[in-house]
Amino acid sequence: MDEKKAAAEAARLRAEIGRHDRLYYQDAKPVIADEAYDALMRRLRELEAAHPDLATPDSPTRRVGGAPTKKFPEARHLPPMLSLENTYSAGEVREWGERCRKLLPKEDFRYVVELKIDGLAVALTYEHGLLVRGATRGDGEHGDEITNNLRTIRTVPLKLEGREVPGRLEVRGEAFLSREAFRLINEDQEAADEEPFANPRNAAAGSLKLQDPALVAHRHLDLFVHTLAAIEGLPVATHAEALDLFESLGFKVNPHRKRARSLDEALAYCAKWEKERETLPYDIDGMVLKVDSFEAQRRLGATAKSPRWAIAFKFPTPQARTRLREIAVQVGRTGVLTPVAILDPFPLGGTTIGRATLHNEEEIERLGVRAGDLVIIEKGGEVIPKVVGVVPGNRSGSGKAFRMPLLCPACGEPVTKPKGEVAVRCSNPACPAQVKLAIEHYCRREAMEIEHVGEALVAQLVDAGLVKDVADLYDLTREQVAGLERMAEKSADNVIEAVRASRKRPLAALVYALGIRHVGTRVAEILTRRYKTLGSLMKASREELTGIHEVGPIVAASIHAYFRCPQVRRMVARLGDAGVNMKRTKEEAPVSDALAGKTFVFTGELEGYTRPEAEGLVRKLGGNASGSVSKKTDYVVAGPNAGSKLKKAQTLGVTILDEAGFKKLVA
């Protein structure tokens, strides 16, 4: 295809993908299937790889790009990103209103009331409609420049919409995680045998601090824009007008907002959302009230820390008291034993609570909690409520200090506490609790995507002796499933068909589905980029695995040990006999193995590529791209203004290429 036709097709694809992104992520009205969307994206990547000059800064392929970095550059905020003054009572909100009136006695005040999203404040800067910088709040004066990480958020426009866009625009907003995205992240954390995040806000903040944008993209962050910081070329007189403008430019703005003529009206809106906050798919911790007029905002000014024209009305953290009946112990998929508080059921935050996490034995000791205590439960940002304290003077005297059991409560086998770990584990691979959770994990959407096989059905299958490991799923018959409780013939057909369809899942999905300790979806993708078949991965030595970029010695040891287990090898053989795909699919495979096993580092300025494009090309050709130079680096591609990476490469004797040499190599 000639350059002109390729450019026209690429422009059409970018426009079409952008439209579908808006329909899916902002309007929640998708009009095409995921497979069709993926085909559009795949075609655009192919065009940009074949014609690197076509890769524009606003291309949707740039949403996952940029090299992992050891340190984020500093971003200076002009004007500063001030924090809001907090209040916890309607009376204090009225006092704020009176202060504003005393400063501007002739002003006819109007207010805008918005949900206070519990996330991380960020700033986005656009020049001539293109995103040029994204940054965290930091100390208000200086933050971290995290543009590549923010590009991965689908609700962040890479290019502004509309016929007329500002010459320069800076907006501020809140990056956050929905409760569903948070649940999936914590499932990934647990699958990789890592500590789950305490709440969505912590997970969002931790995600944006990751050094690899590809990992950030996997977290499915979202963002609402809520504040105009600077604009050139378009007149905007009020905050309400600015929010409408944001929507017309393609930003996601929270629909739950109100323009109020009085503080009474504003406070009534706050009271409504304090009652209805649990109906939202994301967490809020209060409301924000702002003076609507920008001229009034300018005249009200700010203190050293906060604007005088806005205030945050924080909701109290939901708490309740209830009796702790007993401390039970549950067994996780990797054998970790976790204490759980069994409570007298009570309503909290819109749901009925009967259980709460106690984390581990050390946490129970710190709280001093015992069975029979009256305890304080909190659900502030917690998906699973937690015990935060004991009500003094309410102990019956019969409750004994908690101790972890010496035998697994699910299978009766001895438990162990590995040196240097807090966790206590059951090491019996046939433990029924672990087997059930392993099968549930195997059936997850991100794994083998076996619909209709959830917790209740898995429990029945295991308890009935029909399934002892995941390979047994493929031996199930329609009659066996239909014979289970609450399973009609139609339901049984759906289960059998979903199991049958899972045979075609990609190799990366299978590697993740096996539930290897420390192997989440990202590591599974990295492994299948290196190994074409599951058999070749199973044969890999610990040293070979350790040498893979982003696979360290702990992960390598876990993978190596997993595949040395005779029980695992028999199970994998049975999966193969059942027809489960054990080879890398065409979509997973690089377009060439020309750079297989080679690691590249890019430094300085490139003329023909952006850095993400150059790194993407390396990966397409089977190689690895890294953000740091080491003895394992094969090539450093150095452009003008190359810095310390070039010096380190020279010291280590790494092969150095200029851009022309790189082009010749990849050709």
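The buried residues of helix 3 (residues 90-103) pack against strand 2, strand 3, helix 9, strand 10, helix 10 (294-300) and strand 11. Here helices (H or I, at least four residues) and strands (E, at least two) are DSSP runs numbered from the N terminus, and contact means heavy atoms within 4.5 Å. The model is predicted: local features need pLDDT of at least 70, side-chain atom pairs count only at pLDDT 80 or more, and totals for chains, interfaces and linings use all residues. Residues are numbered from 1 along each chain as its sequence is written, and side-chain values use heavy atoms, with hydrogens and water left out.

In helix 3, Val93, Trp96, Gly97 and Cys100 are buried, where buried means under 20% relative accessible area, exposed over 50% and partly exposed in between (1.4 Å probe, protein chains only). These residues cover an arc of only 100° around the axis, which puts them on the same side of helix 3; the arc is that of the directions from the helix axis to the C-beta atoms. At 1.5 Å a residue, the 14 residues of helix 3 should span 20 Å, and the end C-alpha atoms are 20 Å apart, in agreement. The expected span is 1.5 Å times one less than the number of residues in the helix.

An open sheet is formed by five strands in the order 2-11-10-3-9, with mixed pairing; two strands pair if DSSP finds at least two bridges between them. Strand 2 (86-87) and strand 9 (257-260) are the edge strands, each pairing on one side only. Helix 8 (residues 239-249) packs on the sheet and touches strand 3, strand 9 and strand 10 (284-291), its direction making about 55° with that of strand 3. Axes are lines fitted to C-alpha atoms, for helices over the stretch in contact, and angles run from 0 to 180 degrees between N-to-C directions. Helix 9 (residues 263-276) lies across strand 3, strand 9, strand 10 and strand 11 (310-314), and runs at about 165° to strand 10.

Strand 3 (residues 111-117) pairs with strand 9 in the antiparallel sense over four bridges. Within this pairing, Val113 stands opposite Lys258 and Glu114 stands opposite Arg257. Strand 3 is also joined to strand 10 by seven bridges, again antiparallel, and the bridge partner of Ile117 in strand 10 is Ile284. Seven of the seven residues of strand 3 are buried, so the strand is largely enclosed by the rest of the structure. Asp285 lies in strand 10 and is buried, with a relative accessible area of 15%. Leaving aside neighbours within four places in sequence, Asp285 is in contact with Lys116, Asp118, Arg277, Lys314 and Phe315.

Strand 4 (residues 120-127) is mostly covered, six of its eight residues being buried. Strand 4 pairs with strand 7 (residues 168-176) in the antiparallel sense over eight bridges, with Leu120 opposite Ala175. Six bridges join strand 4 to strand 5 (residues 130-136), and these two strands run antiparallel; the bridge partner of Leu124 in strand 5 is Gly134. Strand 4 and strand 5 form a hairpin with two residues between them, and His128 in the turn has a positive phi of about 55°.

The largest nonpolar core has 58 residues, and those with the most contacts inside it are Tyr442, Leu473 and Leu534. A nonpolar core is a set of buried Ala, Val, Leu, Ile, Met, Phe, Trp, Tyr and Cys residues joined through side-chain atoms within 4.5 Å. Elements that give two or more residues to this core include helix 12 (432-442), helix 13, helix 15 and helix 20 (553-564). Not counting residues up to four places away in sequence, Leu473 touches Ile439, Tyr442, Cys443, Ile450, Leu461, Val467 and Val499. A second, separate core of 40 residues includes Leu169, Ala175, Leu228 and Phe251.

In helix 15 (residues 489-501), Ala492, Val495, Ile496, Ala498 and Val499 are buried. Seen down the axis of helix 15, the buried residues fall within an arc of 160°, so they line one face of the helix. On the other side of helix 15, Glu489 and Lys490 are exposed. The cover over the buried residues of helix 15 includes helix 13 (455-463) and helix 14 (478-482).
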